[in-house]
Amino acid sequence: MILLQIFWVFFRINLLAFGGVFGVLPELERMIVAEHGWISHDRFIQSYVLASFVPGPNMAMCPLIGYWVAGWPGWVAGFLGIYSGPLLVIGLAYVLYRRYRNLQGVRRLETALRPLVLGLFVSSTLQYGWSQSTGFASTAVEVSSPALWRGLLHALGLALVGVGVFLYARKKLGPVSTVFAMGGAWWALNTVLLSLARSA
Amino acid sequence: MLLYQDAVVQDKRWLTPEEFQEILTLSTVFPGPNLVNLAVYLGLRLTGWTGALLGVCLLALPGALLLSTVVLMLPLDNRHVFLLFQGFALGSVALFGVFVLRYFQGLRRHRIWLRLLAAAVVAVASGLGVPLPYVLLVGGAACVALEFLA
């Protein structure tokens with residue numbers, strides 16, 4: 001039963017994922033974290049981050065989530081769930097397209113849907129930028145006035161994202177070095193701030 | 001995506017550049033991870049269902065297995081590891097931000113304000129927690145109407 005549920009969650013998210021999967025991450029998280037309570041928000045993000053380091057599609061996170069929920073059978077259910085969607089959808093599209101071959105129409109449809117995809121992308125980016133800038137405030141430490149520190153960390157985290165966007169867009173850093181540099185910078189920033197917070 | 005194109009079009013000469021462009025358009029219009037869609041379509045086009053199945057497995061299995069083994073060995077609850085990974089996550093948000101900027105530049109200029117308004121409404125609606133199927137249905141219909149009625 002749980003295996004079917006895992007399969008169904010990932011299969012369903014596929015059918016909603018226009019323009020790639022990043023746009024539907026909040027929805028996937030809602031289903032997995034809020035609806036089913038399978039894993040925590042932090043675990044969810046960690047699985048996404050780790051998946052972007054391994055070769056292949058980022059959706060490598062789905063079998064992993066399946067594994068956390070139900071062991072290796074869950075892994076298989078997650079794998080089948082996330083990857084059987086494209087097989088079916090594209091299979092159908094392939095058959096239809098072979099028959100009615102109208103690339104002009106398809107291309108126009110793609111252009112037409114761009115505002116929708118852009119909207120989803122913007123909302124995901126903002127939601128993740130916000131939810132990932134909690135820093136040490138979300139780990140178990142005792143500081144005075146935690147609300148103040150949390151606000152400061154959000155502001156610093158979003159500023160750091162801005163710096164990262166600038167560095168990568170201007171080609172000062174490659175994609176992998178941007179991610180690693182920001183990881184290091186965020187850790188260092190938080191370590192310094194935490195010692196300040198404790199001594200304050 | 002670029003590596004894929006080089007391998008299929010230039011090295012193996014399985015497809016012409018036009019055919020590749022076609023497949024790319026199709027795999028972005030339909031829902032699902034684009035790279036996987038591309039692999040399925042390519043497999044079907046070249047060898048049928050066996051090719052499609054093989055393509056997906058070869059594309060996805062190594063990464064998925066590697067990821068799961070790595071994660072089992074990482075102390076994710078350690079504070080330093082946690083902060084490092086949160087920084088990595090901010091990094092991938094930044095990369096995606098750049099991608100979103102480029103995507104924005106690819107919008108058609110004709111009646112751009114209407115398109116931006118549609119994008120903003122979609123962003124706010126999904127940010128406020130309107131269920132995604134409704135957002136896609138209503139937003140998609142509005143976008144298509146915007147394009148084909150104009």
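## Ground rules

Residues are counted from 1 along each chain as its sequence is written, while chains get letters from A and ligands get numbers from 1 in the order in which they are written. Since the model is predicted, local features need pLDDT of at least 70 and side-chain atom pairs count only at pLDDT 80 or more, but totals for chains, interfaces and linings use all residues.

## Chain B on its own

Chain B has seven helices and zero strands (DSSP runs numbered from the N terminus: H or I of at least four residues for helices, E of at least two for strands). Its radius of gyration, taken over C-alpha atoms, is 20 Å, well over the 15 Å that the globule rule (2.2 Å times the number of residues to the power 0.38) gives for 150 residues, so chain B is more spread out than a compact globule. Along the principal axes, the C-alpha atoms of chain B fill a box of roughly 50 × 50 × 25 Å.

The contact (C-beta atoms, placed from the backbone, within 7 Å) takes 84 residues from chain A and 73 from chain B. On the chain A side, the elements giving two or more residues include helix H1 (2-16), helix H4 (61-100) and helix H7 (175-199). H5(A) gives the largest share of that side, 23 residues.

By class, the side of chain A that touches chain B has 55 nonpolar, 24 polar and five charged residues. Here Ala, Val, Leu, Ile, Met, Phe, Trp, Tyr, Cys and Pro count as nonpolar, Asp, Glu, Lys and Arg as charged, and the others, Gly among them, as polar.

How values were computed
Two residues are in contact if their C-beta atoms, placed from the backbone, lie within 7 Å.
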